[in-house]
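The following exercises are to be worked through with the sequence and the model at hand. Each task is followed by a stepwise solution.

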Amino acid sequence: MSREPLNRKTGNTVEMDRSKSSLAEDETLLTLEQVRAKLKGTTGKKLWRSIDELQNTPEFQAAVEREFSSAGSEWVDPVSRRGFLKVMGASMALAGLAGCTKQPDEPIYPYVKAPEDLILGKPMYFATANPLPTGAVPLLVKSDEFRPIKVDGNPDHPYNHGSSDLFSQGSILDLYDPDRSQHVTYQGENRDWSDFAAAFRDKVASTKDGTGVYILSSTVTSPTLARQWKAVQAAYPKARLIQYDPAIAGTFLAKGYNVQYDLSAADVIVSLDADFLSGASYPGFHKLVGDYAKRRKDPAGGMNRLYSVESTPTTTGMKAEHRLGLRASEVPAFAAALAAQVGAFGASAPQYSWTAEQQKFLAALAKDLKASGGKSAVIPGLYQDESVAALALAINQALGNIGKTVTVSSEPAIPIPSDQIADLKGLVADLNAGKVDWLVLLNSNPVYSSPVDLAFNDSLLNKAKVVAHIGPHYDETGRLSQWHVPSAHYLESWSDARAYDGTVSIVQPMIEPLWAGVTAHQVLQTLLDNPQLSAYEAVRATQKDNIKGDFETGWRKVLHSGWIENTAYSTGGALKFEAPKVPAPNSKEQLEIIFRPDPNVYDGRWANVGWLQELPKPVTNLSWDNAAIFSGYTREKLNAEEDDIVEISAGGGTVKAPVIAAPGHPDNSVTVYLGYGREIGRVGGGAGFNAYLVRTSSNPFVGTGSVKKVDGKWGIAITKSHYQDHRAKNLTEHSNENWSLEGVEALGPRGIIRYTSLEDFKSNPNFAHEGEGRETPEMETSLFPNWPYTANKWGMSIDMNSCTGCNACIVACYAENNIPVVGKQQVRIGRNMQWLRIDSYFEGDLAAPRAHFQPMTCQHCENAPCEQVCPVGATVHTPEGLNTMVYNRCVGTRYCANNCPYKVRRFNFLLYSDYETDSLKLMRNPDVSVRSRGVMEKCSYCVQRITAARIEADKENREIRDGEVVTACQQACPASVITFGNLNDKNSKVAKLNEDKRMYQVLADQNTRPRTRYLAEVLNFNPELEQRPVEHTPEKG
Amino acid sequence: MAQIFDRSSNALARASLVLTGLIVIALGVTLDQLQRSPWVTRQGQRPEQPVPFSHKHHVTGLGLQCQYCHTSVEKSSYAGIPPTKTCMNCHAQIWTNAALLQPVRDSWATGQSLPWIKVHDLPDYVYFSHEIHVNKGLGCASCHGRVDQMPLMYAQNTLQMEWCLDCHRNPAKNLRPTSQLYNMAWEAPAPERPVWCAVNAEKTGVPTAQSTSCTTKDPTGAGPQMAAMQKPTLEQEKTATDGSTGTIPASLHYEKFTSQDQLGHFLLKQYHIRNPYELSSCEVCHR
């Protein structure tokens, strides 16, 4: 039960008083001005984790002193405390007997005919691909009894080498989403797929030439679907295909622009508002981040240098050595100025008054680029004006990068390039003109996601004679359509798709459609000569030419490996760019609205995936909502606190949104993430606000508008302040009071974050261990005897230098370890259950921070504080050094969490695991317990994988080989940040990394002897620019 | 006022105190016994099955080898319950009209599984693997008992944690040569039924204890000494992987064992069995 004082109010007051008395007078609530002054006054490095912390708000003070956040250990259910005690009393009485109750009879249902090759209990792996609109992600799916239970990158694929991303990791929950639509319906009545197919075919056939038949589809990614469409068009030339993907429409990608980067050869990388390090919403993410990271593994052996010019703060900018924050509309002008400076062909840069500091950045950047011609890469932002893409290409050409680090493909990146927004406008015009007989919506949800000026509402859809919706959910659009047909998930479908490098991957089904889903291939095939032809046959027909040699043999090989060899894009495409028209930046008085697909739920298609909803977004650490993200200044100008509500008006629409401030956000701008405000789904329905309501077709990614503060609080859930630590305060009292609390922890004597510049590293490779408090205590300094570790000794190494904070590891951990989703209210009170979190430590000025991303999970201490306090032996040390949880012993005292200095233990305050929903049961990893209420849990180093490897090795009478045990986070990581292995094996990768001079242990001074160790960062600064993130004078705002 | 209680009540009060103590102890003992009783553990109970399948008939009577049905016992954590097809392999030919087999034929006809009741049912938080036990020289009968003598299947052992730990703390007492895993009648070596084992040096490091050859016949040729076992069935002889009952390679150096303790410790080393400290660590079975 609760450790907190019964009367919470009193309890808080007491704590507040205590904290006040111990604090200096000037450490009361500060304004932002004061915070800036405070930051300015300091020299050296300083880190902070949230603006609350810098302002030293009472909430922050209180949070620091508590184990869980204020209500974390309170009983928040509607059940009264007394009622609870009554129930508990009864349970106590029964507890003695409950131990004696016998298990119920469990049935076994064996197969009638067992499938060939199936060994129950041994998973099988099949290759497939996740057809994202930004390029397919080649996958290897773990299948247990033919149920897909874990998605990972295909390790043999030349594009991603086994890495994945949070979208792919989360897609497994999307497959088993219980809210997916389950029936074909016609005006609300159940029908069969064949009914729809017949109606559709008859109608289209009756038009003879396809007049009045419109298909609105999400971006076509499948070569087979494109081929089928061409066949349909040949038969019915007047039928129209409109592609619309809200996160793609209006970008260079939709128009087929296909430029590829090889960052492994790039010494200098420049991002022009391109967020290529944070997720698969940027094309080629896996390869780009992998190559970027490769050049940061060995600092002495040639590091790259990343410059970022960006608007909305992203992990790419935070990771950059030098980051320049600009308003989104200034980026094209900046790109043009850069082009002019490096002597790229004559795009005339619009006249613009750059500040001295921006000019300095520009000059230094241009100089550095020219010095590394042929070994640099300039990457344009996907959501920037098209001119940025053209300018980036021109700069790359001027620098001689083409053919080296940058290649232009001769084929478009998507099979049917189009101007998606113009097409959508045309469709709306035709609808209004009454030209549309049949409107077929293929995996498209325009009622939700169309721009506000092209609103697909009831009356617009009514202008079509028949609207048929083929989609995964009975969603906003499905409800307004006559026909609704469930569409199959990619893990249920035959299809094909091309990865970023062009390699054709075959999408093969892992399971029969759970709920009668059909694929887009089947829909188009109904219009062709052989309407019953399956998607499988259609895909085979398309790929006939690509597979060399005997087709059947080749086909089997392709299904096994997952992709077709020699199908990568051919390079040497034409460098076609006219001098682009560079738009002038908006006036600084004008409020800019930046629209971005959400880092977690993308354009809203994954809104019902709980893992992705609960995942804290990079930089802001916001979960379960989107928000109006401002700079600290603009927020103050609006006179709004975090969590206040503002009304955003643009393009004739208004929405209400919660306010949060993000460090590094441009002033007088607001970023809103798309993908929220869904009306359907038990998970995503009602979360956040619908930003499409203020998005116009003319300015899909950077618009203008106005905001005003309105009354009320939203109730957002931000995780960043959950893991503060009490011990920081004691240190603050003795040190430079200008340093923030976490700053002391992170960079002070303790050095949670340790980094240096490349130059300093070269002269002093041992920097991570120098200074007071940074020595690792000797092995003798413990009251407890040392463990022997005679066999294996598991350890993990995390490379801080290459971690980009993309969150793929967290979602992989969800999937592997059956981690429950707790919901927004529980996250608000600090009860989120992720075993792994990524701590972002910000450094520098509020307007121009740098961040350090530190994946933090159970450190598996050799001297574990948790083990010593468990009264029931539920957390124990294993002979191989794991700090293991025995769930069935745990009685929930939470002493262990109290005693953990890393704050990595998670407690099931309520019954979070879903024991009811049938479809979710299919998804669970059978090798990991599903935890019930009252049980503590935490990272286990994927003990199930260790055990499986140990059994294999023991059967063969050998040691476990290095690399045989791969943790889920390690497997997912696109930057190879995490290395796991046996420290006793001196030749193992992890043991070698442990010998690295940069290796350090977090909180080593506690003598916990953590087994997870970190490699200190080394940053490759440009000597002409300041190492410290520079302070920016606030813009008007 | 007269005394309400007589002097004798003092004794009564004292007795009741003692009695209360005894009752508490008795309750504790009862609960403890209850927890270990067959009512809770289901040791020895025969649940009602859709078909009264007799292991005795199929194993002893017909000589079926365990793995004919339990196919994945060496390969996976599950031993495997045979699909209906396995039954029909024979019962499509024999006993085709037996009333007892109606559920099997129904299952075959309708495609619905036979709903067996689990006899050896571990709690869900225990992760047990057949493959590693079988590969490391633990015979079926060590845990499941003389299945070949069970007309109806029941659990020979409690499957409680103390029972598991009993062996994990001293695995030597149950190890046997891998050639004898499926021999239901295997008995520990004794002076009157010794076992000879030899290590084939050429085969060290090969998978699953193949490097060790054991036999119950005296390999020196000093006269056959059959281990006291019921005569090995044809099946068992065929599946003996290391030629224990077949021809004996004379070049090997055989060691004679006359007790389970000796043999167990020899095999412990040969089969690379982990030490009790590692074997009784929590994460071995719980995760």
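**Exercise 1.** What percentage of the contacts in chain B with a separation of 6 or more is accounted for by residues 24 or more positions apart?

*Solution.* The model is predicted: local features need pLDDT of at least 70 and side-chain atom pairs count only at pLDDT 80 or more, whereas totals for chains, interfaces and linings use all residues. Residues are numbered from 1 along each chain as its sequence is written, and chains are lettered from A and ligands numbered from 1 in the order in which they are written. Two residues are in contact if their C-beta atoms, placed from the backbone, lie within 7 Å. By this criterion, the share is 74%.

**Exercise 2.** Determine whether helix H1 of chain B is buried or lies in the open.

*Solution.* Helices (H or I, at least four residues) and strands (E, at least two) are DSSP runs, numbered from the N terminus. Chain B has 12 helices and four strands; among them, H1(B) covers residues 8–36. Its first and last C-alpha atoms are 41 Å apart, close to the expected 42 Å, the expectation being 1.5 Å times one less than the number of residues. A residue is buried if 20 or more other C-beta atoms lie within 10 Å of its own, exposed if 12 or fewer, and partly exposed in between, with C-beta atoms placed from the backbone. The number buried among the 29 residues of H1(B) is zero, so the helix lies largely in the open. For chain B as a whole, buried residues make up 28% of 287.

**Exercise 3.** Describe the side of chain A that touches chain B.

*Solution.* First, 41 residues of chain A are in contact with 46 residues of chain B. Next, strand S2 (107–108) and helix H30 (943–955) of chain A each supply at least two residues of this side, and H30(A) gives the largest share, six residues. Finally, S2(A) pairs antiparallel with strand S1 (residues 116–117) of chain B over two bridges, pairing requiring that DSSP find at least two bridges between the strands. Within this pair, Ile108(A) is opposite Trp116(B).
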